[in-house]
Amino acid sequence: MGQKNVILSFAIVGFLSIIVEVIFPIHYHPYYWWHAFIGFDYIFGLLGGFLLIFISKGILFPIVKRKKDIYERSEEE
Amino acid sequence: MILHPALIMLGAGIVIPFVPHLIRKIMLIVMPLIVLVASYNLQYGQQQSIGFINNIDLVYLKVDELSWIFVFILSIVSFTANLFSYNYSNRIEVAAQFLYVASSMGVVLAGDWITLLFFWELMAISSTFLVWAKKDETAKKAGIRYFLVHFFGGNLLLAGIFIKVSQGEYLINSLSQNMDIASIFILIGISINAAIYPLHAWLPDAYPKSTISGSVFMSCLTTKVAVYCLVRVFPGVPILIWGGVVMCLLGVLYAMFANDLRVILSYHIISQVGYMVAAVGLGSELALNGAVAHAFSHILYKSLLFMGAGTILYATGFSKLTDLGGLFKKIPGVVVLYFIGSLAISGFPYLNGFTSKAVILSAASVTKYPEVELLLYLASVGTLISTCLKVTYYSFLGEAKKSYDIKKVPINMYISMIITAVLCFVYGSFPNLLYNRLPFEMNYIPYTFDHVISTVQILLASTLAFLFFVEIMEPKEYFLLDTDWLYRKPLVFVTRKTSEVVVTIQENLGAVWGTGILSIVPFFNNPFRKLNVINSENETPEKYDPDHYRFSIGLAVTIAIMVFVGSFFYVRF
């Protein structure tokens, strides 16, 4: 199974879960609007995942990565 | 008679290095079981104390709802982790494990500050030995750094406790309404153990360098005992909310690009403890229950994950994602058990992360912190991506990147992982087992239709996000900077420069002083020269025998004894 098919199947299952949420709209404790927003968790997970990957791999990683153990030399002295 | 779990374990830990091999192996299994029974049988309200100096009573046993649940989970994990380490722990390591568990329980059961401090320091010392047990150069150095950081934290705690006790407050009480200097010292001391940013760097520095079983113990004890102390002493301190959120997110962000399995899991400890710290900061009864429940769940699934990672390291000799691959075909049992743990930490329904994380998130919305709720929710996306998906994709599936032989995994490792996985499932499916034992009454139902569908959606969406960027997420072998840079570079530099300045001053002063001394020496070396008994400068001072003019040493001793006896009787009577 290729990667595209895997992505597609996850997207389809996600879409089905949203449909399930539409059919059975039971929200027990909507303290804020997003608790009652249909499909919010799916969108949040997707965008949040993109955001985290971007911040982590795109911003933080280039700042903190070093070629080798920078402490080694000073500890041998 | 009350059996004190910490004291039983402490006694066993002192005895165990000296007993023969066979008895040691039996003790390794039997003692944790005895402790488990002892801690289960503790009753709320039990208290024991012993007199100490200055009319202070050392309350070495005080049981309430909060301490009971922590002692219970600590004794469960003490059993599973000791079983895990059954076939290769040496004398010192076993003793360190026992003392580490004993001291953690001692902290949890302590009713006064002095007992707490004693066990706190014992916890730091015994866990350092678990790092050193690895016996290589990096572990030795990491152990020393670990010890220094904890010693620093312990001393801050000592300073705070010293002030508190000198004010006459020697019993442990909540200090959140009374944030004076002593409370701040205590808060920082505890925060170091709880790995709150930026005081966290000791954790990913030391844990991955410990032994396989050592890291299982460490992942469960130090930070969770600190969470216990925060719940007990600082509930509702607002700074902890944001401290927790920052831990939660930064831990996940680091874990997303870390390469070593145990480094990933170490950053995840920080992230998960972040949930608990934020919940302590929220301070409502629901939030505190959430913090305790999450600590309970976290100990289970994190020990399972560290056991899984340790077993992979044991079987293959590698723990980096850039070396591993295709493990599912080689050790499917271990992989499945690790996978259960990683689903539990991600909050998969019917596993225990789901039932405890939900309480914290609900508490955040009930206490009107919507932004905290969303940020914590965001961190759970990263948790799935980094502990579960990334590890699965790059080490369980695909092909091995380096060739290695698979060592046979001992049966006891499997048994302890299975027990832990079953417990994750039991507490996830029957959450009331845990909820009924939490410190505050609550009526919380995690398995609502709404809640389960939200979780399914967020897990699906996170997986999709990962699959979109699977090439970008590929792990790379790099060295990662963290806040320990501050005390490993600038602090070392400042210390070195300061000592250089001091040494220069000392040497120069010494030179002046030495010249002065040398210039007056000739006046003292032979008194007879001045008395003209020896006439010439060149004459050897053979005639002069200093012993001839000295009193015998017996006289000096006699005088000293007489003075001592005289002053002793004067002082005493």
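In this structure, 40 residues of chain A and 37 residues of chain B make up the contact between the chains, where two residues are in contact if their C-beta atoms, placed from the backbone, lie within 7 Å. The model is predicted: local features need pLDDT of at least 70, side-chain atom pairs count only at pLDDT 80 or more, and totals for chains, interfaces and linings use all residues. Residues are numbered from 1 along each chain as its sequence is written, while chains are lettered from A and ligands numbered from 1 in the order in which they are written.

**The side of chain B that touches chain A**

- α20(B) gives the most to this side, with 15 residues; helices (H or I, at least four residues) and strands (E, at least two) are DSSP runs, numbered from the N terminus.
- Elements that each supply at least two residues include α11 (239-257) and α16 (352-366) of chain B.

**Strand pairing between the chains**

- Strand β1 (residues 65-66) of chain A and β3(B) run antiparallel, joined by two bridges; strands pair if DSSP finds at least two bridges between them.
- Opposite Leu480(B) in β3(B) stands Lys65(A).

- Beyond its neighbours within four places in sequence, Ala291(B) is in contact with residues including Val227(B), Met276(B) and Ile360(B).
- The largest nonpolar core has 200 residues; such a core is a set of buried Ala, Val, Leu, Ile, Met, Phe, Trp, Tyr and Cys residues joined through C-beta atoms within 7 Å, and buried means that 20 or more other C-beta atoms lie within 10 Å of a residue's own.
- Helix α13 (residues 285-316) of chain B gives the most to this core, with 19 residues.
- Because domain 1 (1-232) and domain 2 (235-488) of chain B both give residues to this core, it lies between them; the domain bounds come from an automatic or database domain assignment.

Terms used
A residue is buried if 20 or more other C-beta atoms lie within 10 Å of its own, exposed if 12 or fewer, and partly exposed in between; C-beta atoms are placed from the backbone.
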